[in-house]
Amino acid sequence: MTELGSSRIRRAYEDFLSGTTPPSDAVRSVVRESWSRSLSRGVDPIQALPEDHTSASMTMAEFTRYREAHPITSVRPLVQSLMLDDIADSGVVVALTDQVGRLLWVEGSTDAVDRASQINFVEGSVWSEDVVGTNAPGLALAVGKGVQVIGPEHFAGSVQDFSCAAAPVHDPVTGHVIGVIDVTGGREVAAPFALAAVRSVVAAVERELQAQAVNLADPATFASSASDGDARLTVLGDNGYRWHRGSDPAGERTLSRRHAEILVLLQEYPEGLNTEQLAMHLAGDAIDPVTVRAEISRLRRDLGNDVVTSRPYRLTIDMTSDVADLRRRIAERGELSPVIDELGRGGLLAESTAPGITEIFEVVREDVRSRVIAEGEIGALRTWTSSIHGRDDLLAWRRLEHRLPVGHRDRAVVGGRIRLLDKRYGVQPGPTRPVA
């Protein structure tokens with residue numbers, strides 16, 4: 001909004017409070033109508049302050065229990081992924097409210113949250129139109145659609161240094177409004193894209209809720225699925241991808257391939273990956289950051305909000321996995337044949353086409369091969385050359401030939417395989433040099 005536009009609205013606001021009807025083109029009708037409702041309901045434009053959780057209506061403990069059980073809390077990780085991670089340092093806050101305008105979550109940089117607290121825009125406070133007058137969360141609830149309230153359009157004078165954009169979130173089962181997603185800040189929120197951004201996030205949130213196909217009226221549906229304790233990821237073999245956390249036998253979950261890939265990658269990179277890096281590891285240029293954020297949100301929903309943190313994405317709990325176990329056994333001095341058998345069972349490493357997983361698989365396979373050839377143990381060489389990974393490994397076959405005693409009944413078979421591979425790969429037959 002230009003300075004001229006802001007001044008025109010401020011004059012219209014002052015005219016309205018003095019009892020003079022402002023010109024119809026001086027202020028938007030949705031704002032003017034909200035001013036009228038605010039005044040008729042007795043909201044004081046000078047003294048209006050939001051009710052907070054310290055009031056008689058709800059204690060702090062009651063508020064904490066209430067917001068944890070509220071259905072909009074279930075989409076908080078998705079909102080964080082799609083919005084908060086990108087604007088955390090821009091001086092604005094992102095808020096989630098319930099269906100009456102109570103702020104359940106207010107998040108952003110410390111400075112932004114502190115600034116918002118100066119007008120009591122804090123978790124637990126109620127920002128309905130009835131309490132504070134015209135403001136984006138309250139107005140969005142009153143009119144049932146996305147709105148933007150800029151500076152002097154606010155009814156309470158203490159709020160007019162802020163701008164906000166908000167849109168309601170609907171229960172996909174009942175169609176009822178369950179709350180609002182809001183962005184509040186300074187001039188950056190006065191730009192038209194702010195409301196468009198909020199609307200796009202609400203659309204993504206409602207699609208996600210629809211995909212869950214659950215009844216949001218049941219708060220127990222959104223209880224955390226995670227239990228205390230370390231986690232275990234199993235992705236090798238042919239029994240699917242599984243996650244287990246804690247000591248509860250019922251705590252095991254089946255994972256999608258994408259979620260299994262994300263967890264393996266985050267274990268591979270404990271320092272963390274940003275959105276673009278994770279996208280490249282998952283699908284190169286074929287996946288966009290928004291899709292990655294949505295997958296992280298679904299992962300948090302399924303496994304618990306405390307499993308993965310953002311900026312960068314990294315594991316925040318102790319997690320073991322059969323992939324890490326396999327790599328540890330390769331690094332240790334021990335029998336290699338069981339390791340080769342396990343590598344050959346398939347699972348995520350062999351099935352995934354994600355570039356980051358393929359790279360891990362290639363490293364693991366080369367580590368096994370290098371140890372097999374370097375150590376020259378006949379049993380391991382037999383297992384390797386009989387496996388899908390080593391059956392065409394000419395160097396391994398030659399190593400096995402030179403390790404078998406002269407006159408051993410298998411030397412002829414091994415020599416035949418070497419000749420076939422020589423022919424296949426265009427290597428001229430001739431004497432081979434023993435490997436030390």
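A nonpolar core is a set of buried Ala, Val, Leu, Ile, Met, Phe, Trp, Tyr and Cys residues joined through side-chain atoms within 4.5 Å. "Buried" here means under 20% relative accessible area, while exposed means over 50% and partly exposed is anything in between, using a 1.4 Å probe and protein chains only. Keep in mind that you're looking at a predicted model, where local features need pLDDT of at least 70, side-chain atom pairs count only at pLDDT 80 or more, and totals for chains, interfaces and linings use all residues. Residues are numbered from 1 along each chain as its sequence is written, and side-chain values use heavy atoms, leaving out hydrogens and water.

In soluble globular proteins, nonpolar side chains tend to be buried together. The largest nonpolar core in this model has 56 residues, and Val 235, Trp 243 and Leu 263 have the most contacts inside it. Helices and strands here are DSSP runs numbered from the N terminus: helices are H or I runs of at least four residues, and strands are E runs of at least two. The core also draws at least three residues from each of domain 2 (231-321) and domain 3 (322-425), with domain bounds taken from an automatic or database domain assignment. Apart from this core lies another one, of 33 residues, including Ala 112, Trp 127, Val 147 and Val 149.

Now for the sheets. Two strands pair if DSSP finds at least two bridges between them. Five strands make an open sheet, in the order β2-β1-β5-β4-β3, with antiparallel pairing. At its edges sit β2 (103-108) and β3 (147-150), each pairing on one side only. From one strand to the next, the twist averages 20°. For angles like these, axes are lines fitted to C-alpha atoms (for helices, over the stretch in contact), and the angles run from 0 to 180 degrees between N-to-C directions.

Two helices pack on this sheet. Helix α5 (residues 110-117) touches β1, β2 and β5, and its direction makes about 135° with that of β2. Helix α7 (residues 136-143) touches β1, β3, β4 (163-170) and β5, and its direction makes about 40° with that of β4. Touching, or contact, means heavy atoms within 4.5 Å.

Zoom in on strand β1 and you'll find it mostly covered, with five of its five residues buried. Val 93, Ala 95 and Thr 97 point one way from β1, while Val 94 and Leu 96 point the other way. What does β1 (residues 93-97) pair with? Five bridges join it to β5 (residues 177-185), and the two strands run antiparallel. In this pairing, Val 93 stands opposite Thr 184, and Val 94 is opposite Val 183. β1 also pairs with β2 in the antiparallel sense, over five bridges, and there the bridge partner of Thr 97 is Leu 103. β1 and β2 form a hairpin with five residues between them, and Gly 101 in the turn has a positive phi of about 95°.

There's another sheet to spot. Four strands form an open sheet in the order β8-β7-β6-β11, and this time the pairing is mixed. Its edge strands are β8 (253-254) and β11 (319-321). Strand β6 (residues 231-234) pairs with β11 in the parallel sense over three bridges, and Arg 232 stands opposite Thr 320 in β11.

Finally, look at the charges. Side chains of opposite charge can pair when their charged atoms come close. The structure holds 20 salt bridges, a salt bridge being a side-chain nitrogen of Lys or Arg within 4 Å of a carboxyl oxygen of Asp or Glu. One of them joins Glu 129 and Arg 41 (3.1 Å, N to O). Glu 129 lies in helix α6 (residues 129-132) and Arg 41 in the loop between α2 (29-40) and α3 (60-69), so the pair ties together parts that are 88 residues apart in sequence. Is each of these two buried or partly exposed? Glu 129 counts as buried at 3% relative accessibility, whereas Arg 41 is partly exposed at 44%. Arg 41 also forms a salt bridge with Asp 130, the closest N and O atoms being 2.8 Å apart.
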